Amino acid sequence: MPADSSPGLTGETPARGAGRRQTGSAAQQPRASATSAVEVRRSTRRSRTVSAYREGDRTIVLIPARMSKDEEQRWVGVMLDKLAAQESKHVIGDTELADRAERLSGQYLDGRARPASVRWVTNQNTRWGSCTPAEGSIRLSHRLQGMPEYVLDYVLLHELAHLLVPGHGPRFWRLLEAYPRTERARGYLEGVVAADRLPHLPAAREE
């Protein structure tokens, strides 16, 4: 079950050089692209524009029915980049963060985790989030801002689970089993940490 089933950011771009037109109802049926998280929908009513939006775990890309396979692949890449650029500019505030935590608690923890406060902090550079169960407070590192939403949701859910189980034993991890993107989010964060540890190459010297 996705963390947020409402449509996210949208972007619409004029399409140029569309190929042969497809007719009939089959052209309007959703068809998954080569990437499982992307769904391409063709429509005979759409002639010159391409648009895209987030729908839970998926990205929906709407294209004209007459567009060729090569053009489809190119436009999917363009719209994914466009959505990512839009999302990177959006910074969730503390109030929205608290609302997000409440929704996640209801969706995955039966509403049992009820934080007294959820906020961003700038003094956590060695961990992504922290929780003080006695106070009911959750703090997230500002470094998460701009990361994919499923990563932010995972860290929030991780800290919410700590309101119920302080340690990282089997009981704690069972609480996170319902979130479908736990392993993917952990892999993303591990990749960020690994990249930070890479040696920085010296800048090229101009001749």
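Colleague: Is Ser130 buried or exposed?

Modeller: This is a predicted model, in which local features need pLDDT of at least 70, side-chain atom pairs count only at pLDDT 80 or more, and totals for chains, interfaces and linings use all residues. Residues are numbered from 1 along each chain as its sequence is written, and side-chain values use heavy atoms, leaving out hydrogens and water. Buried means under 20% relative accessible area, exposed over 50%, and partly exposed in between (1.4 Å probe, protein chains only). With a relative accessible area of 4%, Ser130 is buried.

Colleague: Which residues is Ser130 in contact with, leaving aside neighbours within four places in sequence?

Modeller: Contact means heavy atoms within 4.5 Å. For Ser130 these residues are Gln124, Ser137, Ile138, Arg139 and Glu159.

Colleague: Which residues of helix α5 are buried?

Modeller: Helices (H or I, at least four residues) and strands (E, at least two) are DSSP runs, numbered from the N terminus. In α5, Thr182, Ala185 and Leu189 are buried. They cover an arc of only 75° around the axis, so they lie on the same side of α5; the arc is that of the directions from the helix axis to the C-beta atoms. Glu183 and Glu190, on the other side of α5, are exposed.

Colleague: What covers the buried residues of α5?

Modeller: The cover includes α3 (149-164). Ser130, for its part, belongs to strand β7 (residues 129-132).
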